[in-house]
Amino acid sequence: MKYLKLIFIPVLLFIIGVTISCERDDICPDSTPTTPKLIIDLYDFENSENLKNAANLVVAGVTNTDERIILPDYNFVTSSDLILPLKTTEDMTQYVVVKDASVNDNDTPDDLNDDFVDGNFDTITITYTRREEYVSRACGFKTVFENVEVTIEDDDNNWLLGTPENLTDNEPIENEDATHFNLFH
């Protein structure tokens with residue numbers, strides 16, 4: 001019995017120690033702010049107080065090899081906003097934004113391999129500096145975007161007009177709680 005007490009006390013202390021040192025599962029809750037997307041609202045150029053939808057909108061990200069990857073949320077939609085992910089490994093992200101988009105079947109309706117998107121193309125270039133910020137052990141790091149600038153490439157047929165309006169007063173973009181820029185069309 002004496003030996004049982006000598007073994008029981010250290011085992012009990014070990015179990016208590018393990019229980020106290022355990023933490024809840026390392027799962028990053030959906031409510032935790034992570035790397036934000038850039039939020040752009042589209043306004044009427046003639047009446048800058050009114051949001052304005054862009055019809056048949058297609059948005060494609062431009063890769064380093066000039067390949068265009070259509071964003072799933074912007075594949076022939078009507079929208080008055082753009083919610084765009086930014087590259088976290090580079091200081092620039094480019095998007096081609098197509099208004100009044102349609103599919104041109106290249107006169108071969110049975111061959112989908114040669115189809116392409118037609119419409120009014122504008123290129124948006126977003127430049128910024130990046131800063132890594134620790135969130136938690138479960139969530140890791142997030143990227144904060146600073147000194148964000150949005151420019152529209154002039155192609156003599158722009159549907160995006162005027163100068164992009166920065167609503168953040170050059171504050172870092174750390175969350176998706178509010179619109180960061182306004183564009184006009």
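Colleague: How many bridges join β8 to β9?
Modeller: There are 3 bridges, in this predicted model. The two strands run antiparallel, and β9 covers residues 181-184.

Colleague: Which residue of β9 stands opposite N166?
Modeller: F181.

Colleague: What sheet are these strands part of?
Modeller: An open one of 4 strands, with the order β4-β1-β9-β8. The pairing is mixed.

Colleague: And which are the edge strands?
Modeller: β4, residues 81-84, and β8, residues 161-166. Each pairs on one side only.

Colleague: What does the twist average?
Modeller: It averages 20 degrees from one strand to the next.

Colleague: New topic: the largest nonpolar core. Which residues touch the most other members?
Modeller: L38, V59, L82 and I126. The core has 25 residues.

Colleague: Which strands supply at least two residues each?
Modeller: β1 (38-43), β2 (54-62), β3 (68-79), β4, β5 (92-104), β6 (116-136), β7 (140-152) and β9. The largest share is from β7, with 4 residues.

Colleague: Back to L82. What does it touch?
Modeller: Leaving out residues up to four places away in sequence, L82 touches L38, I39, I40, L42, L57, V59, Y74 and I124.

Definitions and conventions. Residues are numbered from 1 along each chain as its sequence is written. This is a predicted model: local features need pLDDT of at least 70, side-chain atom pairs count only at pLDDT 80 or more; totals for chains, interfaces and linings use all residues. Side-chain values use heavy atoms; hydrogens and water are left out. Two strands pair if DSSP finds at least two bridges between them. Axes are lines fitted to C-alpha atoms, for helices over the stretch in contact, and angles run from 0 to 180 degrees between N-to-C directions. A nonpolar core is a set of buried Ala, Val, Leu, Ile, Met, Phe, Trp, Tyr and Cys residues joined through side-chain atoms within 4.5 Å. Buried means under 20% relative accessible area, exposed over 50%, partly exposed in between (1.4 Å probe, protein chains only). Contact means heavy atoms within 4.5 Å.
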